[in-house]
Amino acid sequence: WEFNGSFHQPSAFLMMGIPGLEALHPWISIPFCALYLTALLGNCVILFIIGRTPSLHQPMYLFLSMLAVTDLGLALCTLPTTLGLFCFNVRTIAFDACLAQMYFIHILSFMESSVLLAMAFDRFVAISRPLRHPAILTGSTVLRIGLAIVLRATLSLLPIPFLLKRLSYCGRTELSHSFCFHPDIMNLACADIKVNVFYGMIVLLSTVGMDFVFIVLSYILIIRTVVSLTTREECLKALNTCVSHICAVLVFFIPMIGLSMIHRFGRNVPPLVNTLVAYTYLTIPPALNPVIYSIKCTHIREALLRALCRKRG
């Protein structure tokens, strides 16, 4: 323990794996390695394909590249500590390193939520105002949206590490996962955490909560527009352009909402459920998103096949 003035800070936290399955951690590391490898390779391929194909330099694919960058960041944030724990039983993480990891995990999560909202807006404009779509979402507009997403996440979460650093920790140092979450660290403090709880809730509701509401609203408007189309083929064609995005939204928001509810209200939830939801939230979306878009998006799939054919030739 390090003593500093009127409060204590632990020199390190102790990370936990999957409760009750500690003896199986080396075997559990195999699916985690596969998920991380899929996330890293898949998102790099998406970025490579979009970057090398001029016909894909459109708002939909520019937002997809932002999503791929965010997913790469999320995978790289959790990979060292997760694989370090499961493969080599490295369980400790320094206090400041934990705060830094937590900050970047939450920033990237908020950015992913905002990118999904931007993609929903792009789909709404493309379906309801197809002729004005290029004029509304120009390259400079997409760039400004990207910068706004980064600034919003960075600035809204900036006070969180300082709010945690001011707390006194005088007992437990065991984290619930192999990575650092704000509620997880906060609950280890033996000081008054009302400010942390209030600020965390306000930031979550005003960012991710509002993003989810606007995504739902966008799809309500999209469905209204699609219903007004004259033929069944036009309806199916319009909805088909949204399938990949709907899958990405569900894969991201369902575990995130579940994890937030567990951390705040699920005191009687078994630790195993908490752990599985957390790993689902941070490892499944980065691995699944490139697979979803490669399978469902015709232009991405065709560009990937052309690139593979050139390599073989």
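Where does pLDDT stay under 50, and how many contacts beyond four places in sequence does the model have there? The stretch is residues 1-6, and the count is 11 contacts. Keep in mind that this is a predicted model. Where pLDDT is low, the predicted coordinates should not be read in detail. Strand 1 (residues 2-4) has the lowest mean pLDDT among the elements, at 43, while helix 5 (residues 139-157) has the highest, at 96. For the protein as a whole, the average is 89, and 96% of the residues score at least 70.

**Cysteines**

Let's turn to the sulfurs. A disulfide is a covalent bond between the sulfur atoms of two cysteines. The structure holds 1 of them: C98 is joined to C180, with 2.0 Å from S to S. The angle about the S-S bond is -120°, making the link of C98 and C180 left-handed. C98 sits in helix 3 (residues 95-128) and C180 in the loop between helix 6 and helix 7, so the bond ties together parts that are 82 residues apart in sequence. Both ends are tucked away from solvent: C98 is buried at 0% relative accessibility, and C180 is buried at 0% too.

C87 is in none, and its nearest cysteine sulfur, on C33, is 4.4 Å away. C87 counts as partly exposed, with 33% relative accessibility. C247 is also in no disulfide; the sulfur of C242 is the nearest cysteine sulfur, 11 Å off. C247 is partly exposed as well, at 30%.

**Charged pairs**

Side chains of opposite charge can pair when their charged atoms come close.

| Salt bridge | N to O distance |
|---|---|
| K165 and D96 | 2.7 Å |
| R123 and D122 | 2.9 Å |
| D211 and R152 | 3.1 Å |

D211 is buried at 1% relative accessibility, whereas R152 is partly exposed at 29%. In the salt bridge of K165 and D96, K165 belongs to helix 6 and D96 to helix 3, so this pair ties together parts 69 residues apart in sequence. K165 is partly exposed, at 32%. For the pair of R123 and D122, R123 is buried at 8% and D122 is buried at 1%.

**Aromatics**

A search of the whole structure turns up 13 aromatic pairs. One of them is F179 with Y279, an edge-to-face pair with ring centres 5.4 Å apart and 85° between the planes. Those two come from distant parts of the chain, 100 residues apart: F179 is in the loop between helix 6 (159-165) and helix 7 (182-186), and Y279 is in helix 11 (residues 271-296). F179 is buried at 0% relative accessibility, and Y279 is buried at 3%. Both rings belong to one aromatic cluster, together with F32, F86, F181, F212, F252, F253 and Y281.

**Annotated spans**

The UniProt record (an unreviewed entry) places "transmembrane region" features at residues 24-49, 61-83, 103-121, 142-164, 197-222 and 242-262. In the model, residues 142-164 are 96% helix and 0% strand, and the end C-alpha atoms lie 35 Å apart. Residues 197-222 come out as 100% helix and 0% strand, with 36 Å between the end C-alpha atoms.

Note on methods:
Residues numbered from 1 in each chain as written. Predicted model: local features only at pLDDT ≥ 70, side-chain atom pairs only at ≥ 80, totals over all residues. Heavy atoms only, no water. Phe/Tyr/Trp six-rings, centres within 6.5 Å; stacked < 30°, edge-to-face > 60°. Helix = DSSP H or I, 4+ residues; strand = E, 2+ residues; numbered from the N terminus. Buried < 20%, exposed > 50% of the residue type's maximum accessible area, 1.4 Å probe, protein only. pLDDT = per-residue confidence, 0-100. Contact = heavy atoms within 4.5 Å. Disulfide = S-S within 2.5 Å. UniProt positions renumbered as here; feature names shortened; annotations may be inferred. Salt bridge = Lys/Arg side-chain N within 4 Å of Asp/Glu carboxyl O.
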